[in-house]
Amino acid sequence: MAKLIKDSFKAWIDNMPGSPRKLIVTGKLETPTAGWTAKLRYRIPQGINPKILLLDAEATKPSGPAAEVISQVDVRYEETPPQQEYTDVTVFCGDESHTIKVGTTH
């Protein structure tokens, strides 16, 4: 089972000139072996507060043999353009969740 590495998560609105405005969320999951893949997916249904984006972290274990070593897997989510003026993002993984504030880049 994968776990959130909570201090690795960041979320921001990219407002850089010359490209479309987008929301970016990045982070890492800890996995019990090497070879896992993972992604962040828009959670359905969303919560009651439209300013808080809910995402599910989905991790898939390797189909073949894998090194028995605790590993980290990068995850990323992008939304172009953002559907709301998000203030926070909550990421869920199994029984745990983590909420982060949304920043801005210019």
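Is Leu40 buried or exposed? Select Leu40 to find out: this residue is buried, with a relative accessible area of 7%, where buried means under 20% relative accessible area, exposed means over 50%, and partly exposed lies in between, as computed with a 1.4 Å probe on protein chains only.

Before going further, keep in mind that this is a predicted model, in which local features need pLDDT of at least 70 and side-chain atom pairs count only at pLDDT 80 or more, while totals for chains, interfaces and linings use all residues. Residues are numbered from 1 along each chain as its sequence is written, and side-chain values use heavy atoms, with hydrogens and water left out.

**Stop one: around Leu40**

With Leu40 still selected, colour the model by strand, and you will find this residue in strand S4; strands (E, at least two residues) and helices (H or I, at least four residues) are DSSP runs, numbered from the N terminus. Now show the residues that Leu40 contacts, leaving aside its neighbours within four places in sequence: among them are Phe9, Val25, Leu55, Val75, Tyr77 and Val91, a contact being heavy atoms within 4.5 Å. Arg76 is also in contact with Leu40, and although these two residues are 36 residues apart along the chain, their C-alpha atoms are separated by 6.0 Å.

**Stop two: strands side by side**

Next, select S4 and S5 together, which run antiparallel and are joined by six bridges; two strands pair if DSSP finds at least two bridges between them. In this pairing, Leu40 stands opposite Ala57 in S5.

**Stop three: charged pairs**

Stay with Asp56 and show its side chain together with that of Arg41, since the two form a salt bridge whose closest N and O atoms are 3.4 Å apart; a salt bridge is a side-chain nitrogen of Lys or Arg within 4 Å of a carboxyl oxygen of Asp or Glu. Asp56 lies in strand S5 and Arg41 in strand S4, so the pair ties together parts that are 15 residues apart in sequence. Asp56 is buried, with a relative accessible area of 12%, whereas Arg41 is partly exposed, at 35%.

How many salt bridges are there by this rule? The count comes to eight, and one of them joins the side chains of Asp74 and Lys28, at 2.6 Å from N to O. This pair links distant parts of the chain, with Asp74 in strand S6 and Lys28 in strand S3 (residues 22-31), 46 residues apart. Asp74 counts as exposed, at 53% relative accessibility, while Lys28 counts as partly exposed, at 29%.

Return to Arg76 and select Glu78 with it, because they form another salt bridge, with the closest N and O atoms 2.7 Å apart. Both are partly exposed, Glu78 at 37% relative accessibility and Arg76 at 45%. Finally, select Arg41, Arg43, Asp56 and Glu58, which salt bridges with shared partners join into one network.

**Stop four: two cis peptide bonds**

To finish, look at the loop between strand S4 (37-42) and strand S5 (52-60), where Pro45 is placed; the peptide bond from Ile44 to Pro45 is cis, with omega near 0 degrees. Then move to the loop between strand S6 (71-79) and strand S7 (88-93), where Pro81 is found, and inspect the peptide bond from Thr80 to Pro81, which is cis with omega near -20 degrees.
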